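I opened this model to look up its salt bridges.

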Amino acid sequence: TINDVGSKWQYRQHSGENSFRVTAKESTITFERIGSEPWAVVRQTITDERLGGATIRYTADLWGDVSSEVTHMLDAKAGLFLQLGKHPDAFMGDQDPSVGKWDWQTFSVTETLPVGLNSVRVGFIHQAGEGAIQARNPSLVLVNCAE
């Protein structure tokens, strides 16, 4: 479920009326532009003491059919989202491809958290033009723990 009470997955967008539709069916999330706001994120926050200083890998299978033509000033992209704590720098759809049309592919991003930081936000971002991405099999693994 997404945004339901107790759901791990939460939807956030720039502002205004919902500009994206997010559905989950048969273990696949579909994230589709339906309005004019420039971006939205579907994410969950994971907090665990083992994350501090650890190297993590976030992986998901993605399918995409999204336009690079946008009416906002941001780079057009859609895909994986990984944020270390509340740090403003995040991996936001920076995999290749992140626009256009592509069939199911597995994408991953690996990062090392600073010692003392024990939370990450993982999910998917849509900041592209018209179209949708689909995601399945998301996973977050500890590659190695802090020493």
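Predicted model: local features only at pLDDT ≥ 70, side-chain atom pairs only at ≥ 80, totals over all residues.

My entries on the charged pairs follow.

Residues are numbered from 1 along each chain as its sequence is written, and side-chain values use heavy atoms, with hydrogens and water left out.

Entry 1. I searched the whole structure and found four salt bridges (a side-chain nitrogen of Lys or Arg within 4 Å of a carboxyl oxygen of Asp or Glu). I noted three of these pairs, as below.

Entry 2. I looked up arginine 21 and glutamate 32, whose side chains form a salt bridge at 3.5 Å, N to O. Arginine 21 sits in strand β2 (residues 20–25) and glutamate 32 in strand β3 (residues 28–33), so the pair ties together parts 11 residues apart in sequence. Strands are DSSP runs (E, at least two residues), numbered from the N terminus. Arginine 21 is partly exposed at 42% relative accessible area, and glutamate 32 is partly exposed at 30%. Buried means under 20%, exposed over 50%, partly exposed in between (1.4 Å probe, protein chains only).

Entry 3. Aspartate 94 and lysine 77 meet in a salt bridge at 3.0 Å, N to O. I placed aspartate 94 in the loop between β7 (90–92) and β8 (100–112), and lysine 77 in the loop between β5 (55–66) and β6 (78–84), 17 residues apart. Aspartate 94 is partly exposed at 42%, whereas lysine 77 is buried at 12%.

Entry 4. Arginine 50 and aspartate 48 pair at 2.8 Å, N to O, in a salt bridge. Arginine 50 is exposed at 53%; aspartate 48 is partly exposed at 24%.

How values were computed:
Helix = DSSP H or I, 4+ residues; strand = E, 2+ residues; numbered from the N terminus.
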